[in-house]
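Look at the sequence and the structure, then read on.

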Amino acid sequence: MANEEWIQGMREEFKFTHRVRLSAPQTEPVKGATHGEKGAFHTKVVGVTFDNPDGRNRQDIIAHLSQSSKINLERDRGNAYDSNAVKVVDIDGNQLGFLSKEISADLAPRLDKGAVFNVSISSLTGGGDLARGVNILIN
């Protein structure tokens, strides 16, 4: 039964993070994001099950978050795997994960030119026997 619940949860997560709803955003749509009003869009943080370079476990960091926790986007120009990498960090600079490669490819050049995005946690998922996840709203 737990496995079926996990599969259903993953299906819902996939639907939430991979559909595109165009609702006349004021900025160019971001590929791979679910758009809301005035250019805002929802996406999930990826890489949440990996440890940070300093050895801190991202799952432990996420476990201490709430929906009201402050988070930010931070460029990771030295990333060996993706030159457009964008980290998602908490207010103390602890890395939660990354934006997807597809979304980073769109936002990294904007961040490099000084764009500022308001980022908030829209939901926290998982816990218990399931990996924790973070869904965010970027505006």
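Q: Which residue is the bridge partner of Val119 in E7?

A: The model is a predicted one. In it, strand E6 (residues 119–127) pairs with E7 in the antiparallel sense over seven bridges. Val119 has its bridge partner in E7, and that residue is Ile138.

Q: How many residues lie between E6 and E7 in their hairpin?

A: E6 and E7 form a hairpin. Gly128, in the turn, has a positive phi of about 65°. The number of residues between the strands is two.

Q: Which residue in E7 stands opposite Thr43?

A: E7 also pairs with E2, in the antiparallel sense over four bridges. Thr43, together with Phe41, belongs to the covered face of E2. The residue in E7 opposite Thr43 is Ile136.

Q: Which residues make up the uncovered face of E2?

A: In a regular strand the side chains alternate between the two faces of the sheet. In E2, Phe41 and Thr43 are on the covered face. The uncovered face is made up of His42 and Lys44.

Q: Does Phe50 count as buried or exposed?

A: Phe50 is in the loop between E2 and helix H2 (58–63). Its C-alpha atom is separated by 8.0 Å from that of Gly97, 47 residues apart along the chain. A residue counts as exposed over 50% relative accessible area. Phe50 has a relative accessibility of 53%, so it counts as exposed.

Q: Which strands stand at the edges of the open sheet of three strands?

A: The order in this sheet is E3-E4-E5, with antiparallel pairing. The two edge strands each have a single partner strand, so one side of each is left without a neighbour in the sheet. They are E3 and strand E5 (95–98).

Q: What angle does the direction of H3 make with that of E3?

A: H3 packs on the sheet. It touches E3 and E4 there. The angle between the direction of H3 and that of E3 is about 85°.

Q: How far apart are the end C-alpha atoms of helix H3 (residues 101–112)?

A: The helix has 12 residues, and at 1.5 Å a residue they should span 16 Å. The distance between its end C-alpha atoms agrees with this: 16 Å.

Q: Within what arc do the buried residues of H3 fall, seen down its axis?

A: An α-helix has 3.6 residues a turn, so residues three or four places apart point the same way. In H3, the buried residues are Ile103, Ser104, Leu107, Ala108 and Leu111. They line one face of the helix, because seen down the axis they fall within an arc of 125°.

Q: Which strands are included in what covers the buried residues of H3?

A: The buried residues are Ile103, Ser104, Leu107, Ala108 and Leu111. What covers them includes strand E2 (41–44), strand E3 (71–75), strand E4 (86–90) and strand E7 (130–138).

Q: What share of the 139 residues of the protein counts as buried?

A: The secondary structure comes to three helices and seven strands. From the N terminus on, these run α-β-β-α-β-β-β-α-β-β. The protein exposes about 8300 Å², of which carbon and sulfur atoms supply 51%. Of its 139 residues, the share that counts as buried is 38%.

Terms used:
Residues are numbered from 1 along each chain as its sequence is written. This is a predicted model: local features need pLDDT of at least 70, side-chain atom pairs count only at pLDDT 80 or more; totals for chains, interfaces and linings use all residues. Side-chain values use heavy atoms; hydrogens and water are left out. The expected span of a helix is 1.5 Å times one less than its number of residues. Buried means under 20% relative accessible area, exposed over 50%, partly exposed in between (1.4 Å probe, protein chains only). The arc is that of the directions from the helix axis to the C-beta atoms. Contact means heavy atoms within 4.5 Å. Accessible areas come from the Shrake-Rupley method with a 1.4 Å probe; for residues, only the protein chains shown count as cover. Two strands pair if DSSP finds at least two bridges between them. Axes are lines fitted to C-alpha atoms, for helices over the stretch in contact, and angles run from 0 to 180 degrees between N-to-C directions.
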